[in-house]
Amino acid sequence: MNEKFETHEHDVLIIGAGGAGLRAAIEALGQGASVGVVCKSLLGKAHTVMAEGGIAAAMANVDTADDWRTHFRDTMRGGKFLNNWRMAQIHAQEAPERVRELEQWGALFDRTSSGDILQRAFGGHTFKRLCHVGDRTGLEMIRTLQDRGVHLGIDVFMECAITKLLKDGERVSGALGYWRETGRFVVFKAKSIVVATGGIGKAWRITSNSWEYTGDGMALAYDAGAELIDMEFVQFHPTGMVWPPGVQGILVTEAVRGEGGILRNKDGERFMERYDPEKMELSTRDVVARAIYTEAREGRGTEHGGAYLDISHKPPEYVKRKLPSMYHQFRELADVDITQGPMEVGPTCHYMMGGIRVDAEIAQTTVPGLFAAGEAAAGLHGANRLGGNSLSDLLVFGRRAGLAAAEHAKHRGPLAVDARQVLEATREVLAPFERSDGDSSYQIHRDLEETMQNYVGIFRNEDDLQKGLGELQRLNDRAARVKVEGSRLFNPGWHLARDLKSMLTVSEAVALSARARKESRGAHSRIDHPNYDESWAKKHNVVVREGDQMTLKQLPVLEMPGELRQIVEG
Amino acid sequence: MADATFRIFRGDRRQGQFVDYQVPIAPGMVVLDALHYVQSHQAPDLAVRWNCKAGKCGSCSAEVNGRPRLTCKTRLDALRIDEPIVVQPMKSFPVIRDLVTDVSWNYKVNRKIPPFTPRANVTWKMDQRDVDRVQEFRKCIECFLCQNVCHVLRDHERQEQFGGPRFFVRVAGLEMHPLDGLSRTKLLKDELGVGYCNITKCCTEVCPEDIHITDNAIIPLKERVVDDYYDPVRWFLRKLKKE
């Protein structure tokens, strides 16, 4: 079948080529599996490249008292105990080995005076724990993984977008995609599939995410029958750029605060004293983001509605050495010399704690043969992610997903791909070319961004969420009639039309979950329910497809064994 | 605020023309902002490659008024707006569509380079000063602007014999890694053709990461090739040292 489509066959197909996808690929290759990696952009451009501050791992190179137990405790406390405790345990235990492995593959971290990997302080971490390379840790990581993967022999399909997971009964058996360059379809047959597509930031107007982060993997998995969990927990990073308009949302690394940066309002007050007098600027991201937002809302914001972040009390040479890309970013894009004066910063949509529900040990979803890792998966971070825990997440669970996917492939029988599923999926992707009326994908996207920004933002309430859900319904109707101009050759308007479908699915899951959780916890802040609610401490929201209907159910939080409970409470 | 005229290449490798678009200027605007404006208001199918929009991923390379630039870092207030701002794809790579070029050749060259290979029994201790030297090369964001301006590739089309500045930077990062034990001088001489470079420093000039490509990467690599292949005494000493 599929004679008319270009077809590739692998034991393991990995969708996404950021840190999690590449780490999964390396591990699956090591198991002797044939591996294909598909990515929407060029290899090496995934959002991992934007990670700045570092990788959290209890190596105890700087603070010798650190160990996995403290890292585990910090992660659970930061996540307000909604984390999957087993993932948090595995993560804390395995992260140091994953960092050492990166070094053995050629990554060059900053050093301590005794020649070990240097670690820096970060929000919510008890000890200096973030292994880093100035403020471009993600670039070092992705380049190291990319070069290792390429030399081990992964097949990389660059600038190729997956639009549908194909199933053989209950199991996944492949995926349909299109080449962005030619618009032609391509079928991937695979015994196991790992989704490592990252987050959904592009559904918000102010975001640190690039065009790629449209929730594709979450939506694909959801369509294939997998469950989405904890979707109400969207991280707004406290410090994005706010001025000039074109750079609004671009990330300002937490490392600025890790290196001693101070937050002030327009009156010069160090306002974190009122929100978290103990941890101050290095409080968790949810707390700092709400603090900055509140200062601005109550009239104490900067000229452009943010807060001042100042590192200029440190020696200029030190700032340039430890924060080189921040120095250049502000000098070139905002005409600000951060060694001389403060930056203006404000919250920006940054990271999705929720995502595809997976098994802690092997990263498998509820669909046999379908695995997920990295930001696309959920569990490790609970209600709020600590800075630095994402890069370690990618490595720890990317590796586990790759291992398990290769193992699964060994026992999987012959593959059957259903020609009808393929044809139906191609028709759906091409339909916008046949319409003569309807809105452009850019218009609908702008309205989606406004909807999520205004109604499903940092602070939420019942009315707004209800309005948001209504708007999403109207946007769904408009997206079903979206019109595309031009040809199938490298046509971003057409690509966005497809990405809109993913964004709308995931946005609806976020809004539904946020409406259901009538309490405030971690990154989810309800003005109408400002406190913790004990009954919600024991429940996750889970979104699943029933027929064409998105349905919401609750799952109990996994009970932690006694010895881990002692660590967390100790 | 005033409008600027953007004269943008529309077409593919067979045919194409420049098309003018009017774009309202906002404070602090960069060329990529203008391209996005054109996409969302006038030409939804305008092909542009971009990702981070913060100068960290190296996706949005193009030629602005003839100068190779990251469009996300090219401010409009640094350009004259009383005349059209010309935006065209990188010349040294085949055009796919509009501003998007086929850069796959670079990925092929990369595959020729043997990866980091630690010496036996290393302890993984490194001095920051040794690391500093290599971290300069590791800053590379693979925007390929250096490949685009290098005349060996741009004018003489030596893609088969020459690796280009990007990959000399990459090899330098491996060769000068404090714990690497492999020599890549044969590769540099025979397959990456480092000898073709006559140190005009065009690559260094366009590097958005300010990597001193010529001085810190290419010249030391040329010296290593000379040492290994054209200086018998040093060749012998190096061989002894390695053993």
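## A three-stranded sheet in chain A

In chain A, three strands form an open sheet in the order β3-β5-β4, with antiparallel pairing. Strands here are DSSP runs of E with at least two residues, helices are runs of H or I with at least four residues, and both are numbered from the N terminus. Two strands count as paired if DSSP finds at least two bridges between them. The edges of the sheet are held by β3 (55-56) and β4 (119-120) of chain A; each has a single partner strand, so one side of each is left without a neighbour in the sheet. Two bridges connect β3(A) with strand β5 (residues 130-131) of chain A in the antiparallel sense. Opposite Ile55(A) stands Cys131(A), a residue of β5(A).

## Basis of the model

The structure is a predicted model, in which local features need pLDDT of at least 70 and side-chain atom pairs count only at pLDDT 80 or more, while totals for chains, interfaces and linings use all residues. Residues are numbered from 1 along each chain as its sequence is written, and chains are lettered from A and ligands numbered from 1 in the order in which they are written.

## A four-stranded sheet in chain A

Another open sheet of chain A has four strands in the order β11-β14-β13-β12, again with antiparallel pairing. Its edge strands, β11 (234-241) and β12 (262-264) of chain A, each pair on one side only. On average, neighbouring strands of this sheet are turned by 45° against each other, direction ignored; strand axes are lines fitted to C-alpha atoms, and angles in general run from 0 to 180 degrees between N-to-C directions.

β12(A) and strand β13 (residues 307-310) of chain A run antiparallel and are joined by three bridges. In this part of the structure, Leu263(A) stands opposite Leu309(A) of β13(A).

## The nonpolar core

The largest nonpolar core has 251 residues. Such a core is a set of buried Ala, Val, Leu, Ile, Met, Phe, Trp, Tyr and Cys residues joined through C-beta atoms within 7 Å. A residue is buried if 20 or more other C-beta atoms lie within 10 Å of its own, exposed if 12 or fewer do, and partly exposed in between, with C-beta atoms placed from the backbone. The members that touch the most other members are Val12(A), Ile193(A), Val194(A), Val195(A), Ile356(A), Ala372(A) and Ala373(A). By element, α15(A) gives the most to this core, with 12 residues.

Leaving aside residues up to four places away in sequence, Val195(A) touches Ile15(A), Gly16(A), Gly217(A), Leu220(A), Ala221(A), Ile356(A), Leu370(A), Ala372(A) and Ala376(A). Two residues are in contact if their C-beta atoms, placed from the backbone, lie within 7 Å.

## Domains of chain A

Chain A is divided into domain 1 (240-348) and domain 2 (419-537); the bounds come from an automatic or database domain assignment. The C-alpha centres of these two domains of chain A are 30 Å apart. Five residues of domain 1 of chain A and four residues of domain 2 of chain A take part in the contact. On the side of domain 1 of chain A, helix α8 (residues 285-300) gives the largest share, four residues. That side comprises three nonpolar, no polar and two charged residues. In this classification Ala, Val, Leu, Ile, Met, Phe, Trp, Tyr, Cys and Pro are nonpolar, Asp, Glu, Lys and Arg are charged, and the others, Gly among them, are polar.

Ala419(A) lies in helix α12 (residues 419-430) of chain A. Ala419(A) is partly exposed because 15 other C-beta atoms lie within 10 Å. The C-alpha atoms of Ala419(A) and Gly106(A) are separated by 44 Å, the two residues being 313 residues apart along the chain.

## The interface between chains A and B

In the interface, 49 residues of chain A are in contact with 45 residues of chain B. On the chain A side, the elements that give two or more residues are α3 (85-104), α4 (137-152), α10 (324-334) and α15 (492-516). The largest share, seven residues, comes from α4(A). By class, this side of chain A has 20 nonpolar, 15 polar and 14 charged residues.

## Chain B

Chain B has 10 helices and seven strands, and its C-alpha atoms fill a box of roughly 70 × 40 × 25 Å along the principal axes. Of its 243 residues, 47% are buried.

Domain 1 (3-101) and domain 2 (104-242) divide chain B, and their centres, taken over C-alpha atoms, are separated by 31 Å. Between them, 11 residues of domain 1 of chain B are in contact with 12 residues of domain 2 of chain B. The domain 1 side of this contact in chain B divides into four nonpolar, four polar and three charged residues.
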